[in-house]
Structures are given as C-alpha cells and as structure tokens.
Amino acid sequence: MNLSQWWDQNSAVVARADYTPLLDISGFLGILAFSVAVFTLTSPKFQIRQATAIISFRPLFFGTLLISAVITFAIEAGVLYGVRIPNFLSPNTINYLITAAIAILILYWMKICFISPPRFSQFTAKHFFQQTYVHIANGSKEEMLALAREIMREAPRLIRHTPRTKRHHFEDDKPVKLSSLQTHAHYLTALLSDTRFCDTVAKEIPSFPAHMVEVAIELERYDAPIQLMVKRTVIAMLNNPGSALFVENEWLGQGFIGNAKPISRAIFGNWYLLEGYEMGLEAPLDLDFPYARSWDTDTWRVYFGIAREYVRGLTSVRRANWDARGIQHILQTAEKAYGQLGDLKKYEDTFSPYNPTWHAKEANDFIKDLVKAFDESNGWVDFDRRDDFRYGHDLSSRLAALLFETIFVAAQVNTKEFRMWDVQHNTVWSPIGMNEVKDTKIMKMVRRKLRRMIWNEIVRMDDFPNYKGAAYVRFCLNVLGFYDESVHRNDTLERDSWPLTKVLAEWVKKNYQTIAISHPPVAEAMLPANIEYDREAQKLVRTQDDTLTGVPRLKTFALDPPIDAPTE
C-alpha cells in the first residue's frame with residue numbers, strides 16, 4: 001500500500017455540518033481584540049503582576065493565541081475548501097482544546113492579577129528585580145507608584161531574603177557567597193534609593209518608608225539595606241511643605257494625626273535599632289550638609305519634631321545609649337540652626353521664616369526637651385579634670401561644644417542697637433540656664449564645661465592674641481558685664497556665671513592695654529559696640545541707654561598699665 005492509499009484510508013473531508021466549534025474565527029478575533037485592548041489599557045499594577053509571575057503572562061498568552069490562531073485558521077480553511085484532514089485530528093476536539101487553553105489562561109490571568117498576586121521567591125526574584133529596574137529607569141510617576149505598592153505588599157519576603165550584614169568587617173573575613181535570591185533581593189532594595197523614586201513616594205505614598213522600617217523591626221532585620229532609601233525619602237518630605245512630616249509636626253497640631261504621628265514614630269521611634277548598620281552618610285537624621293543650611297523655621301520645627309521621636313524611642317529601652325549616632329547627628333545638624341545668628345541682614349524682617357532668631361528658638365526648645373529626657377532616664381553624667389572638653393563623648397560634652405560654637409557665631413553681632421543684646425543674651429546665653437532644666441545634673445555639667453572651654457580660649461591669647469579669642473571676650477563683656485561682687489555674688493541669676501565673670505574681669509584688667517599696644521585690631525575686636533576704651537583715663541566705659549530718662553548710663557572699669565610700660 002502506497003502513501004496515497006494510506007492517506008485516503010486515514011483521512012476524510014469534514015463537512016461544514018459536522019464541524020460545530022465552540023470558538024469560531026469571529027469569536028477568536030473578538031478575544032484577540034479584547035486582549036490587545038486589555039494589555040494596552042491595563043494599569044501599571046496589573047502589568048507588574050503579569051510580568052513578575054512565575055511564568056510571565058504576556059508572552060505565554062500571546063504565544064498561545066498565535067499557535068491557536070494558526071491551528072484555527074488551518075481547520076477553517078480545511079473545512080471551507082474540502083481539504084482532507086487526518087482521522088486522528090478531530091476538528092471539534094482540537095477546537096475544544098484551544099478553547100480550554102484560552103479559558104485556562106484567562107483564569108491564570110485573574111489569579112495573578114486579582115486573586116493571588118505573585119510573591120517574591122526564588123522563582124520570581126529575577127522578574128521582580130527586572131521590573132523594578134525598568135520602572136525606575138523609565139521614571140514614570142504612575143509606574144513607580146504601582147511598583148511601590150507592590151513592594152509594600154512583598155516587603156516581608158523581600159527584607160527576609162536580603163543578605164545579612166555585619167556591624168564590623170575585618171580583613172580576614174571570608175567573602176560570603178550569595179544565592180541568586182539574595183543577590184536579587186539586595187540589588188532590588190538598592191534600586192529603591194533612586195532619587196526619582198524617593199521623591200515620588202514622598203509625595204504620594206509617604207507611608208512607604210515607615211512600612212519598610214516596621215517590617216524590618218518586626219522581622220528583627222535591623223541590617224536591612226533600606227537606610228539610604230529612608231534618608232532620601234525624608235529629605236524629599238522636608239523639602240515639601242505640604243508633606244506628611246509637616247502635617248504631623250505642624251505647630252498647631254493636626255488632630256489625631258498630629259498626636260499619633262504614625263510616620264514619624266514608625267521611622268524615627270525605631271531608628272535607634274537600625275542605626276548600628278548605617279554605612280557612611282545614610283542616616284536620615286544626618287542632614288547637616290548641605291540640606292540644613294537653607295531651611296526655614298517650619299522645616300526646623302519638623303526636623304526637631306522627628307528628632308524628639310528619635311529621643312522618645314531611644315529612651316523607651318531600659319538603658320538608653322546617649323552616645324548613639326542619632327544624637328550625634330542631631331546635634332551636628334542643630335549647629336546649623338544657630339549658624340546664621342551672626343548675619344545681620346537676616347534680621348531685617350522680624351517675622352521672616354528665615355530669621356535666625358526663630359531657628360535658634362526651635363533648637364533651644366529641642367535641647368530643653370533633650371535634657372529633660374536625659375534626666376528622666378537617669379543618664380550618666382561624669383567629669384574628669386583630665387578630659388579634653390572639646391572632644392568628650394558624653395552628652396554634656398557634646399552640648400557644651402555645640403553651645404561653645406554657637407557663642408562664637410552670636411559674637412559676630414556687634415552693634416549698639418538692642419539686636420546685639422537680644423541675640424547674645426536672650427537667644428543664646430539665657431537659654432543655657434533655662435529655669436525648667438537648670439538644676440539638672442547634666443545642665444550643671446554643661447555650664448561647667450562651657451565656662452572652662454570659654455576660659456581656655458581666652459587665656460590662649462596670652463601667647464597669641466587672635467580674633468577668635470577676642471570674639472569670646474566681646475561676648476562675655478556684653479552678656480556678663482564688668483564684675484561687681486555685690487551684684488554677681490549675691491544675684492541668684494548669676495550664681496553660675498560669676499566665676500567666669502570674675503576671672504574674665506581680672507584678665508581684661510591685666511592684659512587689655514598690653515594687647516592694645518601690641519595688637520590694636522585685636523584689642524578693638526575684644527570690645528562690644530557699647531564699650532569704649534579711654535586711653536588717657538586707662539578705663540573701659542560702658543554706655544547703656546536709659547529709655548525712661550533719656551540720659552545714657554555710664555559704667556567704668558579701670559585697667560592696669562601695660563605690662564612693659566614704664567612706671568612713674
């Protein structure tokens with residue numbers, strides 16, 4: 001039997017009446033048109049879910065449609081033109097199988113898009129990483145928002161599979177071989193720190209960084225590489241006056257949100273647990289440079305608000321670590337709140353949000369709350385005469401160093417107007433002895449160390465008269481005045497400052513005329529604008545306006561002759 005006879009026996013022409021398909025060409029074309037419309041108009045969320053499935057849905061679906069189309073058109077052509085079809089290929093059966101395959105694909109699509117979205121696992125990690133890279137690289141706002149919501153859903157699995165990080169690394173540490181799952185998880189979390197992604201999330205989904213931090217805390221994965229993403233998102237929120245952080249820390253309060261502060265507390269109330277794994281400049285509280293230099297009063301209020309939440313979290317444990325990195329970052333950043341006190345141009349508009357007085361007020365209020373928290377937690381206060389005050393590591397040394405630098409900045413205001421007294425005394429010196437916390441152990445130690453730091457800077461001028469030491473002399477002469485034992489020893493307001501006032505007065509009395517001869521510009525810089533040097537009378541004369549009588553009040557301070565001057 002030849003091939004022609006075999007073909008005649010095992011094939012037949014299918015009549016149109018015998019062919020009853022469930023899915024004919026018109027139905028197939030309808031499904032194709034619907035599928036194209038769905039895939040074209042579907043939201044980024046469903047596109048991500050289809051692409052991150054174990055088997056990517058789009059190539060699977062259209063591949064199946066292509067094969068089905070070829071088979072369907074071949075059968076239709078065979079029936080239409082009477083082409084013989086093998087007996088074992090029943091057109092109706094094939095059509096049923098094609099219909100079933102398409103139905104199964106549609107059910108699979110419903111499952112991954114609505115019922116049970118893809119999860120981050122060893123089978124889907126590569127797909128998640130690819131989609132994260134593509135959507136962030138494209139920079140589309142809608143795509144990045146959809147991506148952020150999908151990552152929030154998969155955050156527990158994503159953070160759980162990131163490789164663990166050691167606090168400290170040693171030269172003899174052997175390199176750790178990472179699995180494909182760990183590698184993709186690591187690189188995916190690194191992609192989240194993209195500035196475009198963080199800016200978009202900060203405006204539209206501000207709970208994203210808070211959720212990631214909460215998941216890391218819940219899983220006890222304090223080493224999860226999310227620090228840089230959190231910092232950049234926080235920076236973006238601080239740059240947007242209408243962001244969630246501003247709402248939570250607005251000075252009038254925002255009802256429940258203002259009291260609960262869900263985002264601020266979720267991030268910064270738990271940050272003391274995560275900060276041990278910060279690498280470099282990844283701390284969200286480390287905003288010293290370049291961000292804090294251009295903040296207005298509202299932004300400083302928000303920053304110190306989130307700093308208070310950090311302190312609240314730090315003191316929630318049995319024994320707070322007051323040498324924590326967060327405290328260091330906060331105090332370094334707070335230095336910028338005082339950094340513009342010496343710029344007279346910024347005082348022209350009293351109510352300007354860039355007026356340095358308001359910035360310093362926010363910093364003073366925070367320091368007061370910080371001292372209260374330290375005192376209530378029974379923080380350790382210590383003093384050793386061998387300590388180098390400038391480089392101490394305890395909180396009192398850090399506060400003293402901050403105030404020491406602040407005094408130098410405030411000393412640059414040198415004018416006969418009330419502005420000098422308002423900045424140097426009311427804004428800087430007076431808050432150091434704040435009534436609410438002045439009797440705490442730590443503030444007593446801060447004032448003690450601060451006095452010593454100021455005095456050490458002044459006595460350096462014995463060997464080398466310089467403008468920095470002159471600025472501290474000028475500041476002290478303005479806020480402390482000339483030493484008068486009947487006033488300074490008996491006045492309770494001066495009980496802490498009278499020792500510095502006394503030794504300063506003795507030093508000025510002994511050395512001023514000598515410096516006036518050897519370094520006239522330095523001697524001139526030592527005097528505030530309301531004190532003049534009378535060379536003939538060998539006195540310093542302080543002039544103070546009396547607004548009641550209109551007659552200036554004068555107070556003099558006698559000086560010793562120059563050390564090398566001949567005596568009569």
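Reply: Q538 lies in the loop that runs between β3 (531-534) and β4 (539-544). The model is a predicted one.

Me: Why is Q538 called partly exposed?

Reply: The relative accessible area of Q538 is 29%. Buried means under 20% and exposed means over 50%, with partly exposed in between; Q538 is therefore partly exposed. Its phi is near 55°, a positive value in a residue other than glycine.

Me: Why is N378 called exposed?

Reply: N378 has a relative accessible area of 64%, and the term exposed requires over 50%. N378 therefore counts as exposed. This residue is found in the loop between α19 (356-376) and α20 (395-410), and its phi, near 55°, is positive although the residue is not glycine.

Me: How do you know that D223 counts as buried?

Reply: The relative accessibility of D223 is 6%, and buried means under 20%, so D223 counts as buried. D223 is located in the loop between α11 and α12. Not counting residues up to four places away in sequence, D223 touches P163, R164, T165 and Y277.

Me: What makes Y303 a buried residue?

Reply: Its relative accessible area is 0%. The limit for buried is under 20%, and Y303 is therefore buried. Y303 belongs to helix α17 (residues 297-314). Leaving aside neighbours within four places in sequence, the contacts of Y303 are L285, L287, W295, H329, I330 and T333.

Me: Why is α23 described as largely enclosed by the rest of the structure?

Reply: Of the 14 residues of α23, 12 are buried, so the helix is largely enclosed. Among the buried residues are Y472, R474, F475 and N478.

Me: What is the reach of helix α11 from its first C-alpha to its last, and which elements do its buried residues pack against?

Reply: Helix α11 (residues 207-218) has 12 residues and reaches 16 Å, close to the 16 Å expected at 1.5 Å a residue. Its buried residues include F208, P209, M212 and I217. The buried residues of α11 pack against several helices, including α7 (141-153), α10 (195-204) and α12 (227-238). Just after α11, E220 takes a positive phi of about 55°.

Me: What is the omega of the peptide bond that joins F289 and P290?

Reply: Omega is about 0°, and the bond is cis. P290 is found in the loop between α16 and α17.

Me: How many helices and strands does the protein chain have, and why is the chain called more spread out than a compact globule?

Reply: The secondary structure comes to 26 helices and 5 strands. The radius of gyration is 38 Å, whereas the globule rule gives 24 Å for 568 residues; the value is well over the rule, so the chain is more spread out than a compact globule. Along its principal axes, the C-alpha trace spans about 150 × 55 × 45 Å. Buried residues make up 47% of the 568 residues.

Terms used:
Residues are numbered from 1 along each chain as its sequence is written. This is a predicted model: local features need pLDDT of at least 70, side-chain atom pairs count only at pLDDT 80 or more; totals for chains, interfaces and linings use all residues. Side-chain values use heavy atoms; hydrogens and water are left out. Helices (H or I, at least four residues) and strands (E, at least two) are DSSP runs, numbered from the N terminus. The radius of gyration is taken over C-alpha atoms; the globule rule is 2.2 Å times the number of residues to the power 0.38. Buried means under 20% relative accessible area, exposed over 50%, partly exposed in between (1.4 Å probe, protein chains only). Contact means heavy atoms within 4.5 Å. The expected span of a helix is 1.5 Å times one less than its number of residues.
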